[in-house]
Every structure is written in structure tokens, then in C-alpha cells.
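Please read them with the sequence and the model at hand.

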Amino acid sequence: MAVSRRNFLRGAAAGGAAAACAAAVTEPAAARENLQMPPKAVGLLYDSTLCVGCKACVAACRDANGLAPEFTTDEKIWDTAVDISGKTITVIKLYTDGTAKHKDQEKDGFAFMKRSCLHCVDPSCVSVCPVSAMTKDPETGIVSHEPADCIGCRYCVVACPFGVPQFEFDKAFPKLLKCEMCKHRQAEGKIPACAEVCPTGATLFGPMTALKAEADRRTSTAPGVPTDYMRKTVDSTDVHERPNAAYVKHTYGTTEVGGTQMLLLSGVPFEKMGYPALRERSYASEAETIQEGIYGGFVAPMALFAGLLFMARKNTKNHGEEE
Amino acid sequence: MSKAAPLGGPFITRTTVITAILTLIMAALLLYRLVFGLGAVTNLSNGYGFGLWIAYDVFISTAFACGGYSMAILVYIFNKGEFHPLVRPALLASAFGYSLGGISIMFDIGRYWNAWHLFLPWWANTTSIMLEVACCIGAYCCVLWIEFAPVIAERWGTPAIRKFLTKIAFIPIAVGCLLPTMHQSSLGSLLIPAGYLVHPLWQTNLLPVLALSSAICMGYAIVIFEGSLVTEAYHRPSEAHMLGKISKLIVGLLVFYLAVRWVNLAYAGKLGLVLTSGKYSFFFIMENVLFVLPVILLASQRNRVNPQILFVAAVSMLLAGAFYRLDLVLIAYGRPGWHYFPSIGEIMITVGFVALEILGYIVCVRLFPVLSSHHPAKDSNSVRRAPRVAATTNK
């Protein structure tokens, strides 16, 4: 009796372990695919070759989102935010190499790069947040954060592939900060502050389909060809002409972790500008597939629990008699 | 069968005084953290959102606290009643380990006043591994104390309460076997969404399998570790014969763990990284040496009944599991351009939690019938130090 039960249990345990391994290794038939871009998604197109580093966007962002300037030098006479932080949600960073004399050139050159939330199509932060404080708008695709829900566990900070969510570690009652694409301005019919003030049109706002088409137009046009560049929005009539830039032949954000709603164009490889080469499968979809494989419908845990209850009941009775 | 009895003896000793002082230092630092924020006490940053408290107090401490879980599986599910005397001390250590892990999370999360959101369905995000871990650990803390309740009832309860608790014991026992299976595996999964931020030598979809199997091993190792220490410290008879049998389980589980880990690496074509990853290679190899050592030490029956070898193997196993978790959370994980090393304050708070755990364990074994007293202690020293052992067993 005892032997057969033990063998049965060993078999069951081994089977359970094997099933767990199989679920984790192989992709179950019901693998969670990457989420798709909402049809009416809006976003930003940032073109590094147009950016002159004036940081009007940084100042406008502060004004629109009620953020005071950030100081990193002793004399507080410039806004010197060096990266996004608990005080800054967009920033323009500078890449330099060697003599740094030529704009948008990898060797001996310099280039500007925007840092702010990329509004992933399949965001890790939304997938990992335990209390649904991170949400993705099903219409616009904007990734928002609700402080009233947030418990401050910082799992989003750990999981974001781009290091975007910023936690206020210096406060007793901290909040988490990230760009929400000025959704409060969009609700009033306005466009994000960074795109609104950009004098060269380096940051453009618009529907994702139009932004993608515009990015494709720029990367597929030969360098030097006179090209029209719009300001503020992708469908704007406020245009200026200049020779098309020598772009890296990739629009960052079209494939990375399933796509993002901020697209980036650059003359310098993205890895040098702080944007790593990333695969197309979103990390959220992979993690959710594994969790679903183990916990799907709570079937496996409940089956295990039933077995445990049965054995524990049987065996505690025995112990009672022994003692 | 043996009966457990309170150990008795003085509450004020050198160990309890030192642990109490360390606990008070921790309390002061925690107060400071509440008033001035996480940044005032920790070196946490937006590059390293998780620090020592998550790595040690949650990942490592709860794995150390798997003794109760591992022993419950062995005794109540696989019906190995002979190990029953080891269950109570293991449960007690688990109850402390998990509870303090749970409490430390409350100080780690930045917006603790919202912590209750974790337990209400309208906030729940079912795709979040953190939610699964948090609910599961929260529930398991309660279950551990319920599992321990019969011990307290034996000292202070009425016969009716005792009888009732014994009758329904199988329910908390079964829940207590289910919950750690879930959250110890999910603690591994927790790092999967971080993707490329975790070094490829550690990042794998088998993290839940590796985390769970190593946690069960650590559970058995801590039983051996504590059993050896208690035998030594309180001059109690050796339990090497029982601990030796448990150590055999570690060998089997470790072989499984190592096979899964290395076959997975080979399958993913990552074996070359073992030697070519600089500091990561160092930590990976060190970790694996610590995992292999107990397998070698405990391979022969002769070694398994040798208390010294058993102890060394258990320590190696615990260090291996601890480094595996530390590496996963703080070393293999890394955001380019960021660095993290815990501050003195962070370390002192973690030390304080460990001290509180030891202090609580000592108080409980002296007060409640935790340790089995099947062979009354013989040497005069132990009789003098723990007179109530004799008094209780004579009843």
C-alpha cells in the first residue's frame, strides 16, 4: 500500500515537474503573441538629424507637466538635467566622438538624441505592474501611470527595456514619473508640448501610420536630395526644405520589442545613442506565455492542491495514531 | 515517538543581547527611511530598482525559509513520519523567515500606504508575476503561523482547541505545500520580463524550474544547518542519522537542477559564455562550484552520516542558492551605465532582520515545545543551562 502510493506520488511529482519544464521550454499552442498597434494609435517621430539641441522641448515639457528645472551643477544658473529622472521626463542628450566636429556623423562627430517614454506597443511596465497603475490606452496606445494606484514596488523600473519609469528616491512620499505624451493637452485638442515648440520639426506628433510613412520617406530618399520637412504635426503645412540627411537605414521603434509609438531617425547608429538593438518579440508576451502555461485557468495549481489535500489528510491521520 | 518540549533557560544571554541591539539599530534606520525616503538610507536608483532588500530579504531569505515547506512535503505528502521531529523547528524558522521577508517588503516599497491594493481584485493585474508572488507570500505567512499554532496551543491552549487544530491540520499543511511551489518558482520568473537586462548565463525561460528546485534544496540544507547548530549550541544528541537521509534528497534534487541548467545552456548555445563573460564568468563558475560541492560531498553513505561533512555540504548548498539569487537580482541584472552596491544603512537593516529572526527563534524554542526531546540531554552543562528540559519531559 505504502509502496504503491509512494510510487504513484513519485510518478505524479515527476509528471508535474516534466509538465512545468515542457510548458516553460516549448511554446504552448496558445503562446501569447505580441500585442498589436491600436488602429488609432498616436505617437511621436523624433529625427536626430533635424534636432539642434535647443532643448525648447525640455522647457516646454516642464511647463506642461508642472516640473521645476533640475540642477546637477553647484551654480543653479542652467537647467542641467543630464538624463530623465524623478524630476525630468524628457531630455535631449548629446553623442560625441573624437573631435566631434561634424553633426550626425559617427566618427569625429556629434548628434542629439531624445530620451523619453517610447510608449511600447506591448509594454513590459503594463504587463508587470501588480496593481494596474500602468495602463495602455486601447484607443491611442498612450502608456499612462496612475500614482493613486501605485505601490512603489519599482518592478516597472526594473523591467522597462529602455529605463524609462523614474522613481523619486529622494522623497518620503515618492511618486513615479514618466512621459504620458501630454494626454492632458491632447484631451484639450492640443498636441504634446515637445512637438508643439520644436523649431525644426525634429519632434513630430501624429497618427502612427502617418509617422511611419514619413519615416520611410526620409530613409528611402537619397542623402542630399532637397526634401520638405514639416513642423509640429506630420500633416502640417508649416514646412521647410533642406537636403535629406544620411540616415541609418532603420527606423528605431518599428520592430524593437514589438514596436513603439515613438519612432527614432538618426545619422549615428542607435546603439551609440543609448538605444540598444532589441529583438522583435516583446518580453511581456514571453513572460505572459510562461505564466499562462503554468497558471492557465488555475488548473494545474488546483490539481496539485487536490492531490496535496488528499495526501496530507491521509498522512496526518497516521501520525495522529502513532503519537 | 518523541514529544517536543520547551527548551527553557534564560532569555538574556550574549546572543539575545547582541541580536536585540542589532534589531534596535534596524528599527532606528527604518524610522529614518520612513521620514527621509528610500534614497536617504539606500543606494537604490532608477538603474537598479531592486536592491539588497529584494535580493536578500525576499529572494534569499524566503528560500532559506523553505525548511518548513521542504519538510512538510517529505513528512506529510511522502509520508516519512520518521522525520517528524525535524518539522517543528523547520516550521518555526520558516514562519520567521517569511514573516520578516514580508515585513521588509513593506519598507522597501516606496508607496507602502497603498500596499493593500495588492490584495483587492479591482487593482489586480493578473499578468503581473509580482502580484502572484506578493499574494502568495502574504498568504503563506499566515499559513505558516496557522501551521505553527498547534505548538502554541500545546503550551497555552485548552484540550478542545488542541484537538480541533490537530484535526484540521491537513488543510494548512496542504496549502503550505502548494503556496511555496507557486511563489518560489514565480520568484525566478520575476526576472524573465527584464529580458536582455539579465545576463544570458542566467536569463532563461526555465528560471521558474531552477528557482523552485534550488529553493527546495535550500529548505533541506537549512534543516541540516539548523539541526547541526542546535545540536551543538544546546548540547543535544546528534541527529546526524536523520539529517544524513535528508541530505540524500539534496543530492538527487541538485543533480536535477544542474542537469536542467547546463543542458539548457548547451541547448541555447550559451556554453561558450561560461568562460568568456569576464566578471559574469567568475560569479557563474563560483556559484556552480558551490552547487556541485554538496553533490560530491554527499555522494557516499559514509560522508552522509559524518556531522562535519554534512554541515559543510549544507553550508555550500545554502551559499550556492544564495549566490544564485544574488547573482540573478543584482549581478546578472544590470542596466548599462548604472552601478549598485548596497549602502551601510541597507546592509544594517538586512542584518537587523536576520538578528530579529534569530532572536525570535531563540525565544520561541525556549518558550514553546518546538525541539524534540526524545533523548534527554546527558552532560551536566546542558542540564545546568536548560533545567526546564528535564522538568518538562518528566511530566
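Helix α10(B) passes α12(B) in a left-handed crossing, that is, the near helix is turned anticlockwise from the far one by less than a right angle, clockwise being right-handed. This is a predicted model, in which local features need pLDDT of at least 70 and side-chain atom pairs count only at pLDDT 80 or more, while totals for chains, interfaces and linings use all residues. Residues are numbered from 1 along each chain as its sequence is written, and chains are lettered from A and ligands numbered from 1 in the order in which they are written.

Q: Are α10(B) and α12(B) parallel, perpendicular or oblique to each other?
A: Helices (H or I, at least four residues) and strands (E, at least two) are DSSP runs, numbered from the N terminus. The axes of α10 (residues 240–267) and α12 (residues 279–297) of chain B lie 9 Å apart, at an angle of about 140°; axes are lines fitted to C-alpha atoms, for helices over the stretch in contact, and angles run from 0 to 180 degrees between N-to-C directions. Angles under 35 degrees count as roughly parallel, over 145 as roughly antiparallel, 65 to 115 as roughly perpendicular and the rest as oblique. The two helices α10(B) and α12(B) are therefore oblique.

Q: How many nonpolar residues are in the contact of α10(B) with α12(B)?
A: Two residues are in contact if their C-beta atoms, placed from the backbone, lie within 7 Å. On α10(B) the contact includes B:I250 and B:L254, and on α12(B) it includes B:F291 and B:V295. Ala, Val, Leu, Ile, Met, Phe, Trp, Tyr, Cys and Pro count as nonpolar, Asp, Glu, Lys and Arg as charged, and the others, Gly among them, as polar. The contact has no polar and no charged residues, and the nonpolar ones number 10.

Q: How far apart are the axes of α10(B) and α14(B)?
A: Helix α10(B) passes α14(B) in a left-handed crossing. Helix α14 of chain B covers residues 307–331, and its angle to α10(B) is about 40°, with the axes apart by 11 Å.

Q: Which element gives the largest share of the side of chain A that touches chain B?
A: The contact takes 59 residues from chain A and 54 residues from chain B. Among the elements giving two or more residues to the side of chain A are α1 (2–25), α8 (283–295) and α9 (299–322). The largest share, 14 residues, comes from α9(A).

Q: Which residue in β4(A) stands opposite A:I92?
A: An open sheet of 3 strands in chain A has mixed pairing and the order β2-β4-β3; two strands pair if DSSP finds at least two bridges between them. Strands β2(A) and β4(A) (residues 109–115) run antiparallel, joined by 6 bridges. Opposite A:I92 stands A:K114.

Q: Is B:G188 buried or exposed?
A: Helix α8 (residues 170–189) of chain B holds B:G188, which touches B:L207 and B:P208, among others. A residue is buried if 20 or more other C-beta atoms lie within 10 Å of its own, exposed if 12 or fewer, and partly exposed in between, with C-beta atoms placed from the backbone. Because 27 other C-beta atoms lie within 10 Å, B:G188 is buried.

Q: Is A:E271 buried or exposed?
A: A:E271 is found in the loop between β12 (262–265) and α8 of chain A. Because 10 other C-beta atoms lie within 10 Å, A:E271 is exposed.

Key:
Lists of a residue's contacts leave out its neighbours within four places in sequence.
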